[in-house]
Amino acid sequence: MGQRTVIPFGPQHPVLPEPVHLDLVLEDERVVDAIPQIGFIHRGLEKLVEKRDYQRYVYVAERICGICSFGHSFGYSRAIEALMNIEVPERAQHLRIIWHELSRMHSHMLWLGLAADAFGFESLFMHTWRLRERILEIFERTAGGRVILSVCTPGGVFSDIENTELRAICDILATMRVEYDQICATFFEDSSVRSRLVGVGVLSQETAREFGTVGPFARASGLAIDGRMTDTDAYSKLVAFEPILSNDGDCYARCWCRAQEVRQSIDIINEMVDKIPQGEVRAEVKGNPAEGAEAFARMEQPRGEAFYYVKGNGTKYLERFRVRTPTAANIPGMVAAIRGCDLADVPNIILTIDPCISCTER
Amino acid sequence: MSPLEIINTPTSELLERASALKTYGMRFAQCHAQHAADNRFDLTYSFVEDATGRIVSLRLNIDPQESVPSVSEIFPCAFVFENEMHDLYGVHVTGISIDFQGGFYHVHYPQPMAQAPAQPAAKAKSAASEN
């Protein structure tokens, strides 16, 4: 057995866009244990719910994360709708899913670019982000914002998208798909990418389940966990939905799952556009949540399942808002994936989990 | 949306019931603390059945000074949320598999969410604006 050394990794590190700290316990170059630490950017957003009108808090909720901003406003709105028994108009349900799947595409492409940059493939990083820019342009055309959309609200959405505009979005996605396939071919067939990712940071299905992983991280280990499978709103109207799975559980499999999910999102958007009915896009939300009323909601965010809890107290302020983000659930799995790897592979393993620390700390 | 299933649970039965839910095939999703009546805390442990989307929660009502056993021996992933309950609310959780002893979150004020909610002030403000 080699001499044990503890190397602090983060909270400031070139590969980490956000601060997370790991104490890496090494035997020679091999990591035998990793102890995580977060809490450097806790913002107290859950506490803020006690001082913000529950309808206006949606603007705070979407700022939980800059990448999943629409998803968090969607999840919070769903929790409020469950709390107050609000029926969301069908057109709004479809529009929400279109925006949400576009967010998933933009999140995965952002991540793909960052991952490529991290292992030194800068041209791939630039091409991926060039393609992602088109999604941001769609956001700007349909909602007015590129990152924070402020379009989702309890009861529905603030603005409609014309059917002709929806068709135009499908056309943009069709052209994007061709270019995206070329990028994926480069990514998944390049020998240097394979040598950095195949067999690295393997997480078995059993360990992934034991450690409560969610999202593409879990699905890359063969766990069929995807909130869209059991969703009761417009997702349930899809002809078929199968989560993208791999059984390899390594960094390469995690990349592959996310890449396939972008294609899957394009298919979902096309189907939603084909099926979207005419009608209202927002139900009126009146009154305050009842004293003691509680509700849970689950959302499949780009990084995995997010879990929301709200409790009313009879006023326009909520008693408690709780969000458990996907990265919070994936931290134990990340530690398990790091154990046993080489020190040089730690950055890649962390990146393929796509951690979002701002979300996690709220 | 899954109907609300919250099971009131005595502290002494937490581990047994959590273990039974694991045997049933449910996944630990999260746990969190919140203020309850009479200066007590409600702790909610949520579990998900992935095939159906069903959510089951165990609810403990505890005194803030009371210790709660950790479920991290049954669900290793729980250590994140149990450390969070301790660091933000000051809940005493014993036997956490990775116990940071209050050092998981770097917060400016110790146990920032342990302060009683600003609800009395908020209720007054709400009543004033409704009148």
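Biologist: His106(A): buried or exposed?
Modeller: Buried, because its relative accessibility is 2%. Buried means under 20% relative accessible area, exposed over 50%, partly exposed in between (1.4 Å probe, protein chains only). This is a predicted model, where local features need pLDDT of at least 70 and side-chain atom pairs pLDDT 80 or more, while totals for chains, interfaces and linings use all residues. Residues are numbered from 1 along each chain as written, chains are lettered from A and ligands numbered from 1 in written order, and side-chain values use heavy atoms, without hydrogens or water.

Biologist: Where is His106(A) found?
Modeller: In helix α3 of chain A. Helices (H or I, at least four residues) and strands (E, at least two) are DSSP runs, numbered from the N terminus.

Biologist: What network are Glu101(A) and Arg104(A) linked in?
Modeller: A network of salt bridges that also takes in Arg219(A), Asp226(A), Arg228(A), Glu261(A) and Glu300(A). Over all chains the count comes to 38 salt bridges.

Biologist: What does Glu46(A) form a salt bridge with?
Modeller: Arg322(A), at 3.8 Å between the closest N and O atoms. Glu46(A) sits in the loop between β3 (30-37) and α1 (58-61) of chain A and Arg322(A) in strand β8 (residues 318-324), so the pair ties together parts 276 residues apart in sequence. Glu46(A) is buried at 5% relative accessibility, and Arg322(A) is buried at 1%.

Biologist: How about Arg130(A), which side chain does it meet in a salt bridge?
Modeller: That of Glu179(A), at 2.9 Å, N to O. Glu179(A) is in helix α5 (residues 163-189) and Arg130(A) in helix α4 (residues 122-143) of chain A, 49 residues apart. Arg130(A) counts as partly exposed because its relative accessibility is 37%.

Biologist: New topic. Which residues touch the most other members of the largest nonpolar core?
Modeller: Ile338(A) and Tyr45(B), out of 155 residues. Helix α3 (residues 90-118) of chain A gives the largest share, 13 residues. Another core, of six residues, lies apart; among them are Tyr309(A), Ala29(B), Val48(B) and Ile55(B). A nonpolar core is a set of buried Ala, Val, Leu, Ile, Met, Phe, Trp, Tyr and Cys residues joined through side-chain atoms within 4.5 Å.

Biologist: What does Ile338(A) touch?
Modeller: Leaving out residues up to four places away, Ile338(A) touches Leu22(A), Leu24(A), Val31(A), Ala34(A), Val346(A), Ile349(A) and Ile350(A).

Biologist: Now chain B. In what order do the four strands of the open sheet come?
Modeller: β1-β4-β3-β2, with mixed pairing. Strands pair if DSSP finds at least two bridges between them. β1 (6-8) and β2 (27-36) of chain B stand at the edges with a single partner strand each, so one side of each has no neighbour in the sheet.

Biologist: In what sense do β3 and β4 of chain B pair?
Modeller: Antiparallel, over nine bridges. Thr44(B) has Arg59(B) in β4(B) as its bridge partner.

Technical notes:
Contact = heavy atoms within 4.5 Å. Salt bridge = Lys/Arg side-chain N within 4 Å of Asp/Glu carboxyl O.
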